[in-house]
Amino acid sequence: MSKELAVQAAGKNFATAQAGAFAELTQYEYVHASAKGKGFPGKLFLQKVLGLTSMEVSLNNLPAGKAMPFSHRHHDHEELYIFVSGKGQFQIDGQMIEVREGTVIRIAPEGSRIWRNHSTEDLCYVVIQATANSLRVNGVEDGEMMREDVVWPDPQHA
Ligand code: ZN
């Protein structure tokens with residue numbers, strides 16, 4: 001039975017949840033509508049839980065020896081894969097890329113992608129997807145410095 005991620009706290013301008021360690025992500029199972037009940041353990045989507053409005057994000061753990069069962073591509077979404085631990089191999093349009101902690105990959109919607117974990121440890125990664133060509137300004141230009149005073153609790157009592 002798949003564990004469900006719940007919102008821990010939410011306010012007017014935020015929502016937060018605690019998904020746990022990447023090593024334990026296999027407690028979560030994603031079942032795609034077209035997969036006839038066959039689930040993917042270790043894939044946790046965040047969009048619905050957090051109410052994200054501009055992107056879909058998943059936290060992933062592909063255990064040792066496992067491979068994605070099929071290639072996929074997207075209609076509108078560009079994807080960014082951020083590898084946080086482990087080692088694996090990725091193919092985009094048949095081109096092989098070795099991945100490990102720190103590898104980041106952007107893939108255009110039409111790119112055919114598949115990956116595997118041929119190592120002996122978990123392959124952990126984050127996938128962010130958003131509509132291709134939708135960015136209007138870069139993040140640095142969109143940010144604005146706030147002038148308000150910030151108070152942090154005393155570390156002894158946090
Ligand atoms: Zn995808």
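Phe-90 and Trp-115 are both buried (buried means under 20% relative accessible area, exposed over 50%, and partly exposed in between, with a 1.4 Å probe and protein chains only). Welcome to a predicted model, in which local features need pLDDT of at least 70, side-chain atom pairs count only at pLDDT 80 or more, and totals for chains, interfaces and linings use all residues. Residues are numbered from 1 along each chain as its sequence is written, and side-chain values use heavy atoms, leaving out hydrogens and water.

**The zinc site**

- His-72 (NE2), His-74 (NE2) and Glu-79 (OE) coordinate the zinc ion at 2.0 to 2.1 Å; donors are N, O and S atoms within 2.8 Å of the metal (3.2 Å for Na, K and Ca), and sites may look incomplete because water is not among the atoms.
- Along the sequence, these donor residues follow the spacing H-x1-H-x4-E.
- His-72 is partly exposed at 24% relative accessible area, whereas His-74 counts as buried at 18%.

**Aromatic pairs**

- The whole structure holds 9 aromatic pairs, where rings of Phe, Tyr and Trp (its six-membered ring) pair if their centres lie within 6.5 Å, and planes under 30 degrees apart count as stacked, over 60 as edge-to-face and the rest as tilted.
- One of them joins Phe-40 and Phe-70, and it is edge-to-face because the planes stand at 80°, with ring centres 6.2 Å apart.
- This pair links distant parts of the chain, 30 residues apart: Phe-40 is in strand E4 (residues 39-41), and Phe-70 is in the loop between strand E6 (56-62) and strand E7 (77-85). Strands (E, at least two residues) and helices (H or I, at least four) are DSSP runs numbered from the N terminus.
- Phe-40 is buried at 18% relative accessible area, while Phe-70 is partly exposed at 45%.
- Phe-90 and Trp-115 form a stacked pair, 5.1 Å centre to centre with 5° between the planes.
- Tyr-81, Phe-83, Phe-90, Trp-115 and Tyr-125 make up one aromatic cluster.

**Nonpolar cores**

- The largest nonpolar core has 13 residues, and those with the most contacts inside it are Tyr-81, Phe-83, Phe-90, Ile-105, Trp-115 and Tyr-125; such a core is a set of buried Ala, Val, Leu, Ile, Met, Phe, Trp, Tyr and Cys residues joined through side-chain atoms within 4.5 Å.
- Two or more residues of this core come from each of E7, E8, strand E10 (104-107) and strand E12 (123-131), and E12 gives the most, with 3 residues.
- A second, separate core of 9 residues includes Ala-19, Leu-25, Tyr-28 and Val-57.
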